[in-house]
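Visitor: I am new to this structure. Could you show it to me and take my questions one at a time?

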Amino acid sequence: TATPDVDVRCALTTNPSVPIADLEQLTTDLIQNATRISTETLVAVAKSQETIPVVLEKMAFGPKRTDSYGRSLAGTVAVNPSTPSGVLEVLSTDPERGVRRCVASNPSTPSSVLEVLSTDLEPSVRRCVASNPSAPGHVLALLARDTDENVRFDIAQNQLTPACVLTLLAVDPATRVRCCVARNYSTPVSMVESLAADPDPDVRRAIAHNSLTP
């Protein structure tokens, strides 16, 4: 922990064997020297599920940094399942849609936050909620009526979408949405039988491909 290499000291924050007293000092060290730490090291720390919550919080609200692809460090923290729910709630209101997308796709994001994000004006954020395995059924039911076809498509693909929601999407006007319902292993048998008579051959083909079709 006394090495002069700030990247090494930063990387230590992801090691669960480091004593808590040292971690607290390393966290302070990380924030004070954030501009000297390489982007690669910061991203690795932000991604690691071993990184302690206080470090993730400091990184989320510390100096703005982006990776080599221009992605925000806050977004990397937002997609980490170990990020505290309070931090995710704050990041869900970030003006940068990329950060909100990351929060919306995080399986650790609280249901209440996902519910708010399901009404986000940015369709790509709503799509992330639709694909989130932790999205509650009532939120998916709301998104099943979304005006954006891509949102409904992602719900139809989600293997954890409740049967009652898939039943709604089985009569969706978009063929590719109905195709996803036809391929979804969670679709009730009664709906599979109905879709087998769908006028569009692509939907019938999807039913034929589904290994759970009776």
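Guide: A disulfide is a pair of cysteine sulfur atoms within 2.5 Å. This is a predicted model, where local features need pLDDT of at least 70, side-chain atom pairs count only at pLDDT 80 or more, and totals for chains, interfaces and linings use all residues. Residues are numbered from 1 along each chain as its sequence is written, and side-chain values use heavy atoms, with hydrogens and water left out.

Visitor: How many disulfides does the structure hold?

Guide: Take Cys10: the nearest cysteine sulfur is that of Cys102, 19 Å away, and Cys10 is in no disulfide. Cys128 is in no disulfide either, with the sulfur of Cys102 nearest at 7.5 Å. For the whole structure, the number of disulfides is zero.

Visitor: Is Cys128 buried or exposed?

Guide: Buried means under 20% relative accessible area, exposed over 50%, and partly exposed in between (1.4 Å probe, protein chains only). Cys10, at 1% relative accessibility, therefore counts as buried. Cys128 has 18% relative accessibility, so Cys128 counts as buried.

Visitor: How do H3 and H4 lie to each other, parallel or oblique?

Guide: Helices (H or I, at least four residues) and strands (E, at least two) are DSSP runs, numbered from the N terminus. Axes are lines fitted to C-alpha atoms, for helices over the stretch in contact, and angles run from 0 to 180 degrees between N-to-C directions. H3 (residues 39–47) and H4 (residues 53–61) pack at about 130°, with axes 10 Å apart. Angles under 35 degrees count as roughly parallel, over 145 as roughly antiparallel, 65 to 115 as roughly perpendicular and the rest as oblique, so H3 and H4 are oblique.

Visitor: Which residues of H4 make the contact with H3?

Guide: Contact means heavy atoms within 4.5 Å. On the H3 side are Leu42, Val45 and Ala46; on the H4 side are Val55, Leu56 and Met59.

Visitor: How many residues of that contact of H3 with H4 are nonpolar?

Guide: Ala, Val, Leu, Ile, Met, Phe, Trp, Tyr, Cys and Pro count as nonpolar, Asp, Glu, Lys and Arg as charged, and the others, Gly among them, as polar. The contact of H3 with H4 has no polar and no charged residues; its nonpolar residues number six.

Visitor: How do H13 and H15 lie to each other, roughly parallel or oblique?

Guide: H13 (residues 175–183) and H15 (residues 201–209) pack with axes 8 Å apart, at an angle of about 15°. That angle therefore makes them roughly parallel.

Visitor: How many charged residues are in the contact of H13 with H15?

Guide: H13 brings Thr175, Arg178, Cys179, Ala182 and Arg183, and H15 brings Asp202, Val203, Ala206 and Ile207. By class, five are nonpolar and one is polar, and the charged residues number three.

Visitor: What covers the buried residues of H7?

Guide: In H7 (residues 97–105), the buried residues are Gly98, Val99, Arg100, Val103 and Ala104. Their cover includes helices H5 (73–78), H6 (85–91), H8 (111–117) and H9 (123–131).

Visitor: Which residues is Arg127 in contact with, leaving aside neighbours within four places in sequence?

Guide: Arg127 is found in H9. At 30% relative accessibility, Arg127 counts as partly exposed. Beyond its neighbours within four places in sequence, Arg127 is in contact with Asn150, Val151 and Asp154.

Visitor: How far apart in space are Thr28 and Lys58?

Guide: Thr28 is in H2 (residues 20–32). At 36% relative accessibility, Thr28 counts as partly exposed. Thr28 and Lys58 are 30 residues apart in sequence; in space, C-alpha to C-alpha, they are 9.0 Å apart.
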